[in-house]
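Subject: Structure for you to look at

Hello,

The structure we spoke about is below. My notes on it follow.

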Amino acid sequence: MATDAPRPRILSGMQPTDDSLTLGNYIGALTQWVALQDSYDTLYMMADLHALTVNPDPVKLRERTRRTLAQYLAGGVDPERSTLFVQSHVAEHAQLAWILSCQTGFGEASRMTQFKDKSAKQGTEGTTVGLFTYPVLMAADILLYDAARVPVGEDQRQHLEITRDLAERLNTRFGAGTVVVPEAHIVKAVSKIYDLQEPTAKMSKSGTSKGTIWLLDDPAVSAKKIRSAVTDAGSEIRFDPATKPGVSNLLTIFSSLTGQTVSELETEYAGKQYGNLKVDLAGVMVDFLTPFQARANQYLADPAELDRILARGAEQARSVARETIARVYDRVGLLPAVVEPR
């Protein structure tokens, strides 16, 4: 009797560095994660070890880890179909990161664009070794689960490339099949959301306070940000990111939240003013955020259930991670631990 072939595995995650995810996280990542559940064996983590590079408050980090999970769930990630876990709950992440660190050249790590940008801003004293080796831990996250594909944005391509380089290096030095060489999973149709006040800059957790929509903010506050969004010269409502980045960003958000195509919206708002578009989008935003927050708050009201989901997910993740780390340890020549019978 024929059996279904195992689905390819895919891994992604977000850092729990804020009380809330952004609209950019939702449209650019969460909606994609939900869709991937149909075709892949999906693992989604709260990347708390990565979050340590910004030296977070310990109490806030623990709380934000649960809040991040609640937003994954509110966004439609299903714990019955996906493995949801906290990065630090699977010790093999740090174990594999050390092996990879010993295979990574200093110059290779120094060339990482994000490290150069952040270290330039923070200076030598404010830059930690953890920030320097961040891409190596990210590589360990991916390789630990034999992930065939990794959902990445354009700004993460370089990190995926070093992951692929390390995977190929391990397979060359220690034998084919030591680790799986992953491919990028970049969905061209996924919309990139920009800052409402600086529409040429990506909406992010580190963006402007007035230009970022936080998923757990009061919907009225978010609606006001939409109404106050920067627009462009002229009055024509037309999608043209090069000359009309502000209006184009609003059209992208409108389309992503309603399912209407951008061309349909252009037709609907032909001859209308920017204010008409903003007022209507503000209403759409409230209609989206209100039920999203109700779902998130329902999960947050039951931290024991959140912890149960994470405990189950961690055990599922460990069952895969243990096999990978045992294989890699064996290939690189580490003596296996012998457990004496009791």
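In helix H11, Val247, Leu250, Leu251, Ile253, Phe254, Leu257 and Thr258 meet Tyr274, Leu277, Lys278, Asp280, Leu281, Val284, Met285 and Phe288 of H13 (contact is heavy atoms within 4.5 Å; helices are DSSP runs of H or I, at least four residues, numbered from the N terminus). By class, this contact has 12 nonpolar, one polar and two charged residues, with Ala, Val, Leu, Ile, Met, Phe, Trp, Tyr, Cys and Pro counted as nonpolar, Asp, Glu, Lys and Arg as charged, and the others, Gly among them, as polar.

This is a predicted model, in which local features need pLDDT of at least 70 and side-chain atom pairs pLDDT 80 or more, while totals for chains, interfaces and linings use all residues. Residues are numbered from 1 along each chain as its sequence is written, and side-chain values use heavy atoms, without hydrogens and water.

On the domains: an automatic or database assignment divides the chain into domain 1 (9-185 + 303-332) and domain 2 (219-298). Their C-alpha centres lie 32 Å apart. Seven residues of domain 1 are in contact with eight of domain 2. The two domains bury about 640 Å² between them, 83% of it on carbon and sulfur atoms (accessible area lost on being put together, 1.4 Å probe, summed over both parts). On the domain 1 side, Leu23, Ile27 and Ala74 lose the most area to domain 2, together 65% of what that side buries.

Regards

Terms used:
Helices (H or I, at least four residues) and strands (E, at least two) are DSSP runs, numbered from the N terminus.
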